[in-house]
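Student: Before we discuss this structure, could we look at the sequence and the coordinates together? I would then like to begin with a contact between charged side chains.

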Amino acid sequence: HFPDGTQRIVLDDCFYQKYNNITWKYEKEEELSTLIYITRHLKNFPYIKSIDLTMFYLPNARMDRIHDQGEVFTLKGFADVINWLEFDRVEVLDVHSNVGAALLNRVYVFNPREYIDEVVEQISKENLICFLTFRIAMVRKIEIGIQEKFLDSKSEITVLILKVKKF
């Protein structure tokens, strides 16, 4: 960073390929500006044919709807920025809800099944009980082959008690 806090970014030669994939392991909001600068820089080179973006987590995904006029729909704003960058493909592992996927252009949501299988294999030879505490878990239970569910009717949070079986 420069003394005024702005970024100085120097890219390795590996970025100047005909086909690029930027993998973003989100940690903080500032990274979005870095992504903008790098992507816009790469798009200035005519020999670069495509730039894909891979995100394991979709930032702002939990703000997938607004409840009152004062709330800012940050997921929509974030998706607008990603769409403005015109990636050839946007791959996301955890979109949180179908709203996030619907807001992104050229999106591919990949299934977490292989990652779950790997973790189950590493930590347990027996059936493993997992807890997912958000509504999208209701959808994901179908995608990853879950057996049981429990809905806590006294709260807005859906709690799933899952028995993950190896397939």
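Tutor: In this model, D80 forms a salt bridge with K76, the closest N and O atoms being 2.8 Å apart; a salt bridge here is a side-chain nitrogen of Lys or Arg within 4 Å of a carboxyl oxygen of Asp or Glu. The model is a predicted one, in which local features need pLDDT of at least 70 and side-chain atom pairs count only at pLDDT 80 or more, while totals for chains, interfaces and linings use all residues. Residues are numbered from 1 along each chain as its sequence is written, and side-chain values use heavy atoms, with hydrogens and water left out.

Student: In which helix do D80 and K76 both lie?

Tutor: Helices (H or I, at least four residues) and strands (E, at least two) are DSSP runs, numbered from the N terminus. D80 and K76 are four residues apart, about one turn of the helix, and that helix is α2.

Student: Is D80 buried, partly exposed or exposed?

Tutor: Buried means under 20% relative accessible area and exposed over 50%, with partly exposed in between (1.4 Å probe, protein chains only). The relative accessibility of D80 is 38%, so D80 counts as partly exposed.

Student: How many salt bridges does a search of the whole structure find?

Tutor: Besides the contact of D80 with K76, the side chains of R89 and E91 meet in a salt bridge at 2.9 Å, N to O. R89 is partly exposed at 31% relative accessibility, whereas E91 is buried at 18%. For the whole structure, the search gives a count of two.

Student: Which residue is the bridge partner of T54 in β3?

Tutor: Strand β3 (residues 89–94) pairs with β2 in the parallel sense over five bridges, where pairing requires that DSSP finds at least two bridges between two strands. Within β3, the partner of T54 is E91.

Student: Why is strand β2 largely enclosed by the rest of the structure?

Tutor: Strand β2 spans residues 50–57, and six bridges also join it to the parallel strand β1. It is largely enclosed because, of its eight residues, the number that are buried is six.

Student: What is the handedness of the β-α-β unit made by β2, helix α2 and β3?

Tutor: A crossover is called right-handed if, with the strands pointing away from the viewer, the path from the first strand over the helix to the second runs clockwise. Helix α2 covers residues 74–84, and the unit that it makes with β2 and β3 is right-handed.
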